[in-house]
Amino acid sequence: MRVAIVSDIIPGNIGGVERFTVSISEELKKRNIEVDTYDRSAIDNWQEKWYDKYFINQRRNLQIGKATGRKIAASHVDTDVIIQNSIAGWNLRQMTNIPRIVIHHGTMRGLYYIHLPPDISRQMKLSRYVGLIRMKGGVEQYTANGATSVAVSSAVAEELRQYYTGINPVVIPNGIDTRHFAKRERTYCRQKYGIEMDEFIVCFTARFGVLGKGFEELHELAKLAWKEQLRIRFLIATDEIPPGWPDNVLFVKNVSYQELPELYSAADIFVFPTRYEGCSYSLLEAMACELPVLTTRVGYAKDLYRDINEIAPFIFEKNSTEEYWKMLKQLVNKPIFLRKLGVVGAEYVRRHNSLDIMVDSYVKLITKVTKKEIPLPL
């Protein structure tokens, strides 16, 4: 069995799609499946042009598809199935008859309809409409036609049915390494980040430049805590450190995969006021480390809201800073309750979102799509 995984990623990046690509590649190999990964590095002598920003990277995805198609055709070993991350290599649809599985980590048109900050410019709104609804949305529809679609949450599946024609996805949530993401010793983790044992720590992780991840809300929450002189500190892991934040915020830049469990274990709660998600790795990782969460009812959080009664009150329908602040102040003095809540979340992730559970689902799907049995791992 040979699988080609196609992604529009920069090798070495640590975002959700990159994490998925690395994880599924490694896990499939453990099951005696050969894997070829095709990303931007597959393109010979690629150079961005000034006009690429107006075409929302579709030329690059086109070139990834061309390079993938050529290399698969030139290979002396047959490829049994192609797994495409969203619209990466979208033109493979017309280049090959190899069965394709398209992974929808979210939807382009669903991303357009998120509630944006009120100060966003009309030019940005127009650009998002053209880019996400017309261009990327159209390409997403084109890519999925003739392929088997996978949605990473029931919310993404709903969007695919609502905004597109003829896409009826299988739902396979993302999986994480639950052996790696587990609670670490609290005293050591706090000492590592210079945190006092009696401080209440709010954790948050996201890339700063990604629109709608919740930085605006975190900024407001930090200012409210600073103004009221509460012993709350914000531990934020990101890729760049923005200016103008109050002194109760500790930024940690470019935290490695290996260090993430220590970051989560140093905190009391994970606050994630995101406007849009498919199936957030940050949310799953924090929960696996027994960190209770406050988040918005988007993406996989809708599944959590439906499935876990104890956690449902802390998954808000609207992305309201006031609601987050009100709940945060109520929880500051409830350490025992928070620890119990964290255990409930960790148990759920172990039952539903381990790597083994995710990859078992993909192996079954690959078997169904290719009609070839996959041998058990050695």
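Over the face of which residue does Arg-93 lie? I looked and found Tyr-142, with Arg-93 at 4.1 Å from the ring centre. I count a charge as over a ring if NZ of Lys or CZ of Arg is within 6 Å of the ring centre and within 35 degrees of the ring normal. Arg-297 does likewise: its charged end sits over the ring of Tyr-305, 3.7 Å from the centre.

Ground rules. I am reading a predicted model, where local features need pLDDT of at least 70, side-chain atom pairs count only at pLDDT 80 or more, and totals for chains, interfaces and linings use all residues. Residues are numbered from 1 along each chain as its sequence is written, and side-chain values use heavy atoms, without hydrogens and water.

**Core**

I looked up the largest nonpolar core next. It has 98 residues, and Phe-234 and Leu-294 touch the most other members. By nonpolar core I mean buried Ala, Val, Leu, Ile, Met, Phe, Trp, Tyr and Cys residues joined through side-chain atoms within 4.5 Å. Buried is under 20% relative accessible area, exposed over 50%, partly exposed in between (1.4 Å probe, protein chains only). Helix H14 (residues 355-370) gives the largest share, 8 residues. Helices (H or I, at least four residues) and strands (E, at least two) are DSSP runs, numbered from the N terminus. Domain 1 (2-175 + 355-370) and domain 2 (186-352) each supply at least three residues to this core; the bounds come from an automatic or database domain assignment.

I then listed the contacts of Leu-294 (heavy atoms within 4.5 Å). Leaving out residues up to four places away in sequence, they include Ile-269, Phe-272, Phe-314, Phe-316 and Tyr-324. Another core, of 12 residues, lies apart; Ile-64, Ala-67, Ile-72 and Leu-92 are among its members.

**Rings**

I searched the whole structure and got 15 aromatic pairs. Rings of Phe, Tyr and Trp (its six-membered ring) pair if their centres lie within 6.5 Å; planes under 30 degrees apart are stacked, over 60 edge-to-face, the rest tilted. Trp-245 and Phe-251 have ring centres 5.2 Å apart and planes at 80°, so I logged the pair as edge-to-face. Trp-245 and Phe-251 are buried. Phe-316 and Tyr-324 are also edge-to-face, with centres 4.8 Å apart and planes at 80°. Both Phe-316 and Tyr-324 are buried. I also traced a cluster linked by ring pairs, including Phe-181, Phe-204, Trp-245, Phe-251 and Phe-272.

**Salt bridges**

How many salt bridges does the structure hold? I found 23, taking a side-chain nitrogen of Lys or Arg within 4 Å of a carboxyl oxygen of Asp or Glu. Asp-8 and Arg-40 meet in one (2.9 Å, N to O). Asp-8 is in the loop between strand E1 (2-6) and helix H1 (16-30), Arg-40 in the loop between strand E2 (34-38) and helix H2 (58-74), so the pair ties together parts 32 residues apart in sequence. Arg-40 is partly exposed at 24% relative accessible area.

Asp-360 bridges to Arg-31, the closest N and O atoms being 2.6 Å apart. Asp-360 is in helix H14 and Arg-31 in the loop between H1 and E2, 329 residues apart. I noted Asp-360 as partly exposed at 34%, but Arg-31 as buried at 13%.

Lys-192 meets Glu-259 in a salt bridge (3.1 Å, N to O). Lys-192 is partly exposed, at 33%; Glu-259 is partly exposed too, at 30%. Last, I saw that shared partners join Arg-2, Glu-34 and Asp-36 into one salt-bridge network.
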